[in-house]
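Work through the exercises below with the sequence and the coordinates open. Each task is followed by a solution in steps.

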Amino acid sequence: MQLGTLAAGTGIAVPDDTLMIGGLTSDSRAAGPGFLFFALGGVQAHGARFAAKAVEQGAAAVLTDAEGAALIEAGGGVPAPVIVAANPRLALAKMAARFHGRQPETMVAVTGTSGKTSVAYFVRQIFQRCGHNAASLGTLGTVTASGTSYGGLTTPDPVSLHAELAKLADAGVTHAAMEASSHGLDQYRLDGVELVAAGFTNLGRDHMDYHATEEEYLQAKLRLFRELLPSGGTVVVDPAQNKADRVLAVAEERRQQVLTVGERGRDLHLRNVQFSGFSQVLTIDTPRGEYKVSLPLAGHFQVSNALVAAGLAIAAGEAPGAVMRALETLEGAPGRLELVGRKDNGALCFVDYAHKPDAVDNALAALRPFTTGRLIVVVGAGGDRDAGKRPLMGEAASRRADVVIVTDDNPRTEDPALIRKAVMAGAPGALEIGDRAEAIATAVSMLESGDVLCVAGKGHETGQIVGKTVLPFSDHDAVRTALAQGARS
Ligand SMILES: Nc1ncnc2c1ncn2[C@@H]1O[C@H](COP(=O)(O)OP(=O)(O)OP(=O)(O)O)[C@@H](O)[C@H]1O
Ligand SMILES: [Mg+2]
């Protein structure tokens, strides 16, 4: 594609409109002949330091910011044009969208501290039940009717993202739902995705190692509504959730349409919830009348997630009746309050991805109604990440559960004992068992009739990160092994 075509409408001055660009990358190692190399200012070294290497490998031009251009100049320059942009990350996202040129026709995105994966997973299912070829993209990778391809990052870099969207469009996917993480939004990874609707789940404590303040964290999430969703788009929120008012204020400012859901919602107004086994029977008032929906998922937060997902599908043009019917067959995302097994005495074992204080709180609150005995939780916090959340996770666990076992969860390069100590500080009286398999086995052995176990933290993940090594570990397998051993002994 010609450089002029790539840059059209971005406001970036390019030296030669006709220069042919064969690929885009911000990774100098991936730069090949004819590539446009994006030298981004990073958390670590400025990408400009690798410009010479990229050009040596054949890059046709370099795009960077003023600081990068000065660095290249100071290093003796490169034998290729250097294009300066005020915001190279934004330029990369916009140009990646143009370069790949195709994405599923109808796309929605969801942001929030918790529930993004679940909502995207639900929206995909609703689209599919409504007869569309649909996909979801996020923490679980790309999920389509034909299976899952694992991506690994909640929001991938723009080049991979747009390559993936083009691949999906080529495969006939017309509808897609994607997770928009605050990192992804902050780093302009999703700009260039054309959205018809955007949803917000909630705001809790997370990523405080990356964002300096809660306000900054919220502002990153608000970019989805302020800058990515066009004016004609629809914003979907549950007004009962923390900071939903701030999202609604942006929607008003931007003259976007608003679709509200939940107890305080207008469009999908949740009037009543009744428990029926693991299902929840919802009475929902809509402008088209009342619907009674049996949602086959446990947990109050799943009701909010399901309604945000339903709102997004309706905002994308689906008929409310069909969407309500689709809710009746929703499957939970893997590792989100997933019932993994039962002990011989009937005690239930759940695996949940809760690795944030709010999520621990919500997951345990969701399991309480199914507990006639004790609620037991196995919980830990990750290393090299937000240390402030550790005691808060312990605190949430001890407030909601009857028995707390503190264990390791991806200690990475930190001393696991110190991480456990920080979690224990919020959970006095908790049991401390560093080895995760042993912690799970102990919890399972403690289970009596009527008890419920929640193994929190890993969800769908299949590794324990110790140092820089990922050791194979699955909470599902650990629970099943412990149940099998218990049955034998
Ligand atoms: N609406 C919600 N409110 C509070 N907690 C929730 C909500 N939805 C999910 N959770 C909790 O958060 C955990 C993670 O859910 P999910 O993976 O859907 O969120 P996410 O936003 O995608 O998280 P991540 O930022 O890690 O990708 C769940 O296992 C559950 O414990
Ligand atoms: Mg996610």
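**Exercise 1. A salt-bridge network**

Task: Find which residues are linked with Asp361 in a network of salt bridges.

Solution. The model is a predicted one. Starting from Asp361, the network takes in Glu395, Arg399 and Arg400. Side chains of opposite charge can pair when their charged atoms come close. A search over the whole structure gives 20 salt bridges, and the next exercise takes up some individual pairs.

**Exercise 2. Salt bridges between separate elements**

Solution. 

Step 1, Asp191 and Arg223. Asp191 sits in the loop between helix 7 (182-186) and strand 10 (197-200), while Arg223 belongs to helix 8 (residues 214-228); the two are 32 residues apart, and the pair links distant parts of the chain. Asp191 has a relative accessibility of 4% and Arg223 one of 7%. Because buried means under 20% relative accessible area, Asp191 counts as buried, and Arg223 is buried too.

Step 2, Lys243 and Glu214. The cut-off for a salt bridge is 4 Å, so the pair is counted. Lys243 is in the loop between strand 11 (234-237) and helix 9 (244-253) and Glu214 is in helix 8, so their pairing ties together parts 29 residues apart in sequence. Lys243 is partly exposed at 23% relative accessible area, and Glu214 is partly exposed at 35%.

Step 3, Arg436 and Asp475. Arg436 lies in helix 15 (residues 436-446) and Asp475 in helix 16 (residues 475-488), so the pair ties together parts 39 residues apart in sequence. Arg436 is buried at 2% relative accessibility, and Asp475 is buried at 0%.

**Exercise 3. The magnesium site**

Task: Identify the protein donors of the magnesium ion (ligand 2) and describe their spacing in sequence.

Solution. 

Step 1. The donors are OG1 of Thr117, OG1 of Thr139 and OE of Glu179, at 2.1 to 2.3 Å from the ion.

Step 2. Written along the sequence, the donor residues follow the pattern T-x21-T-x39-E. Thr139 is in the loop between strand 6 (134-138) and strand 7 (141-144) and Glu179 is in strand 9 (residues 175-179), so this pair ties together parts 40 residues apart in sequence.

Step 3. Thr139 is buried, with 9% relative accessible area, and Glu179 is buried at 3%.

**Exercise 4. The interface of two domains**

Task: Describe the interface between domain 2 and domain 3 by its area and its atoms.

Solution. 

Step 1. The protein is divided into domain 1 (3-98), domain 2 (102-328) and domain 3 (338-487). The contact between domain 2 and domain 3 takes 20 residues from domain 2 and 21 residues from domain 3.

Step 2. The centres of these two domains, taken over C-alpha atoms, are 28 Å apart.

Step 3. About 1400 Å² is buried between domain 2 and domain 3, and carbon and sulfur atoms give 65% of it.

Step 4. Zero salt bridges are counted between domain 2 and domain 3, and one residue pair is found in polar contact across their interface.

**Exercise 5. The surroundings of Gln464**

Task: Is Gln464 buried or exposed, and which side chain does it join in a polar contact of 2.8 Å?

Solution. Gln464 is placed in strand 22 (residues 463-466). Its relative accessibility is 8%, which counts as buried. The polar contact joins its side chain to that of Lys458. Beyond four places in sequence, residues in contact with Gln464 include Asp408, Asn410, Arg436 and Phe473.

Key
Residues numbered from 1 in each chain as written. Chains lettered and ligands numbered in written order. Predicted model: local features only at pLDDT ≥ 70, side-chain atom pairs only at ≥ 80, totals over all residues. Heavy atoms only, no water. Donors = N, O, S within 2.8 Å, 3.2 Å for Na, K, Ca; no water. Helix = DSSP H or I, 4+ residues; strand = E, 2+ residues; numbered from the N terminus. Buried < 20%, exposed > 50% of the residue type's maximum accessible area, 1.4 Å probe, protein only. Domains from an automatic or database assignment. Contact = heavy atoms within 4.5 Å. Buried area = accessible area lost by both parts, 1.4 Å probe. Salt bridge = Lys/Arg side-chain N within 4 Å of Asp/Glu carboxyl O. Polar contact = N/O pair within 3.5 Å; in protein donor to acceptor, adjacent residues only side chain to side chain.
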